[in-house]
Each structure stands twice: as structure tokens, then as C-alpha cells.
Amino acid sequence: GGHTVEIPFYSSPNAARDMMAAIIDNGFVDNRATRFVTVEYMTYTPFVNYFTAHKYFVEVAPGGAWLSEGVTKNFRVWTTNMTSKTIYDFFFFSFILFYCVAFVREWYSDYLTSKSILKFIFDAWNFLELVNLVCFLVIFVYRFIWWGLSVTNSEKAKMPPVSTEYPKDLDYILDAFMMQVWTNSVNTILTFLKILKFVRLNDRLNILTRTLAACQQSILGVLVLFVWVVFGYAITGNSVFGGGIFEFRSINSSFSTLLRYLLGDFDYPALRDENKQMASAFFWTFQVLGLFLLLNFLIAVISDAFADVSAEQSFIDLDSTLAKTFEDVKSECLPASLQRKWKLIKHRKTQTGLLSQVRNAMKEFRNKMLSDEDVVSGRKKKKKKKRRKKTNY
């Protein structure tokens, strides 16, 4: 339960401050019964056509300390002025659908060859490609929702506002817009990681992927132990210091704070002021286990794998590499090569797909030859048995 006081949306800053002062002076907010206070309002910047949602929270921690937090988010409401961008979005969406169909076809082709659905997706690069495409589809789902909410609440988003109430419907538009931003941020990293797939073709640049492939089993075990230890300390930090230190207010915040501790970003005096008995033991045991042992052990595993990969790798001279790259690019740009690629695109085929078809045809021909040989050998065996029976008679 609780009580709310709404300040008119069109109020000036001075009028809003006067109303807030009256709320405090009249005892609506005090240090006894009040446990949580939130102030939410929105502003509009016509120069860039952006809304800004301001949300400020003040809550009382279990230990009695007042903890404050503020969030500011910028978002847009779709209007008819964005029609040209919307046309580009639909063009890009069709491009994503084309790649989704191509990915499913490649998956189905691999299934016909290997007779396994999961074999294709268990490949790290194929899994990364799948997550990348799924993120693109999720982005467009939220974009469609954002378009629909913007059109439905277009009257409420007009400036100056018609109503004096807080525009609650704009919060849904804000959520749809921010989900696009966050998903796009994750997808940008995935898109750049996909470049490493093509880096594997160069012996000098694929050192990272080869090193991770060499130590993937060992590094997975160390990471599991590392996360397990940090998670245990996060629960302890939340129960011991969560009452008065904002960074330990929840288990999620404690986990993030402890990771920052490993990078040297810590406030030891705050821990000591909150709990003098536990601060020293908590801090130094975590530093020894998390930093001195597990984190350095993780670095040692990667270093050993890097040394093994470097010892096995044979480098080609840079001049020879550049010359070969130039010749490859030159051959790919020849009219015959371009004509061949155009024919493949026209028939919706790729060189990999053609090679796969040839391989499957050769396998079928081989199996057929083997089966024919088995039939012939079986007939010969039957004839031999008949001859033996006749001679016995």
C-alpha cells in the first residue's frame, strides 16, 4: 500500500518545487512511517524530438540507512515524420528474413548429411549466428510494438500536454524503446564477434580462436569454480553489509561489486565502518581466493594454451601473405568469377552448398556400388553352394 501525490504535468519547475516543499512540510514524508519514496516525471526536448523519463528512488535499508538511486532514460515516440526511416527498417527486416531462411536451409542440409539436428547448432560459430539472428528478430518484435503503442497513444504524446495527469502510457512506449536499445547493444557485440569466424583463415590473426579452442575444457571448469566462489561471497556480502552499503543492497549488486573488487575498485573503509568484525576477514579471504588463486589460475590456463598454440604454428612471411591475398582478390574480381557467382545467386545456391551436393552424390554412388558388389558376391556364393551340393551327390 501507499499514497501518491501527482504534480500536474505542465507545471513549471518552480511550481513543482513548491509543491514538493509543501508535501514535506505537512508531514506527508517523515522518518518514521515512510520506507520508500519515488519521484517520477518526464521532460520533452523539441529540438531533438526526445522524451526523457526521470525516476528517482529513496528507500530505507534493513539497517536503517536511506539509500538513493536515480535513473534517467531518453526515448522517442514514433511520428509520421519518421516514415523514411520506417521504410528503411522494413528493407532491413526483409534482409534479416532472407538470412534466416538461408540459415535454416544450411541447417537442413547439414541434417540430411549427418542425420543429426543438434550437430549443426553445437558448433560455436553456428550457435553465435543463431543467437545473432534471434536478437535481430527480437529487436523487430519490440519495434513493431513500439510503432503500435506510438500510434495508439499519439494524442497523449502531443506537446503541450492535454491532460494534467502523469502520462502512464508513455512508460510502455519507453519500455519498448529501451528493449530495442538494450538488445541492439548486445547484438552489436555478437556481430563484431562473428568477424572472428573469418579471421580463422589467417594464421597470424587466428591465434585467439585457436588458443580458446585448445583450453576450452580447462577454462570451463575454472570459470565454474570462479563463479561459484564469487556467488557465495555475494550472498555473504548482502547479508553482512547490505543494511548500510548501497553496493551490497541485493545479491545481484553484491556480485557486480565483488567483480569490481577484483579489478581494484573497492572501498575498504566503508566495509570497516559497517561491520568492523567481519570486514577484514571478508575482504582478504575474497582477495586470496578470487584474485590470487582462481583469477591467476585462469590466466595460467590461457597462457599455457597460448604457448602450445604458438609452438605449433608456422608463420608465412608477410610479403608472401600480402601477395597471395592480392592474387586471391584479383582472381575473385575477374569477369568469369563474377559471372559464376551471379549464376549461383540467381539459382539461390552457394559454393558450399554445391560441394555438399557433390559429396552427397558421391556417397550415394559409393553406397550403390557397394550394395551392387554385395548382391553380385551373394549370387556367386549361392552358385558355389549349389555346385558343392551337386558334387556331394
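A salt bridge is taken here as a side-chain nitrogen of Lys or Arg within 4 Å of a carboxyl oxygen of Asp or Glu. By this criterion, the structure holds 6 salt bridges. The structure is a predicted model, in which local features need pLDDT of at least 70 and side-chain atom pairs count only at pLDDT 80 or more, while totals for chains, interfaces and linings use all residues. Residues are numbered from 1 along each chain as its sequence is written, and side-chain values use heavy atoms, with hydrogens and water left out.

The confidence of the prediction is expressed as pLDDT, the predictor's score for each residue, from 0 to 100. The chain averages a pLDDT of 82, and 85% of the residues score at least 70. Secondary structure elements are DSSP runs numbered from the N terminus: helices are H or I runs of at least four residues, and strands are E runs of at least two. Confidence in the chain is highest in helix 4 (residues 124-152), with a mean of 92, and lowest in helix 14 (residues 351-392), with a mean of 66.

Among the salt bridges is the pair Arg-249 and Glu-69, whose closest N and O atoms are 3.9 Å apart. This pair links distant parts of the chain, 180 residues apart: Arg-249 lies in the loop between helix 8 (216-241) and helix 9, and Glu-69 lies in strand 3 (residues 66-75). Residues are classed by relative accessible area as buried (under 20%), exposed (over 50%) or partly exposed (in between), with a 1.4 Å probe and protein chains only. Arg-249 is partly exposed because its relative accessible area is 31%, and Glu-69 is partly exposed because its value is 34%.

The side chains of Arg-143 and Asp-89 also meet in a salt bridge, at 3.1 Å from N to O. Here too the pair links distant parts of the chain, with Arg-143 in helix 4 and Asp-89 in helix 2, 54 residues apart. Both Arg-143 and Asp-89 are buried. A further salt bridge is formed by Arg-260 and Asp-265, with 3.2 Å between the closest N and O atoms. Arg-260 has a relative accessibility of 35% and therefore counts as partly exposed; Asp-265, at 42%, is likewise partly exposed.

Patches are made of residues with over 30% relative accessible area and no salt bridge; like charges are joined within 9 Å, and nonpolar side chains (Val, Leu, Ile, Met, Phe, Trp, Tyr) within 5 Å. Accessible areas come from the Shrake-Rupley method with a 1.4 Å probe, and for residues only the protein chains shown count as cover. Lys and Arg count as positive and Asp and Glu as negative, whereas His and the chain ends are not counted. The place of a charge is taken as NZ of Lys, CZ of Arg, CG of Asp or CD of Glu.

A nonpolar patch on the surface is formed by Tyr-108, Tyr-111, Leu-112, Ile-117, Leu-118 and Phe-122, which together have about 650 Å² of accessible area. Helix 2 (residues 83-114) gives the most to this patch, with 3 residues. Tyr-111 is placed in helix 2 and is partly exposed, because its relative accessibility is 33%.

A patch of negative charge on the surface gathers Glu-247, Asp-267, Asp-273 and Glu-274. Asp-267 is found in the loop between helix 9 (251-262) and helix 10 (268-274), and is partly exposed at a relative accessible area of 43%. Lys-119, Arg-359, Lys-363 and Arg-366 form a positive surface patch. The most is given to the positive patch by helix 14, with 3 residues. Lys-363 is found in helix 14 and is partly exposed, with a relative accessible area of 35%.

Individual residues were also examined. Asn-49, although not a glycine, has a positive phi of about 60 degrees. Asn-49 lies in the loop between strand 1 (36-45) and strand 2 (50-60), and counts as partly exposed because its relative accessibility is 22%. In strand 1 is Val-37, which is partly exposed at 23% relative accessible area. The C-alpha atoms of Val-37 and Thr-4 are separated by 9.6 Å, the two residues being 33 apart along the chain. Leu-298, in helix 11 (residues 276-312), counts as buried because its relative accessibility is 15%. Leu-298 and Gly-221 are 77 residues apart in sequence and 9.6 Å apart in space, C-alpha to C-alpha.
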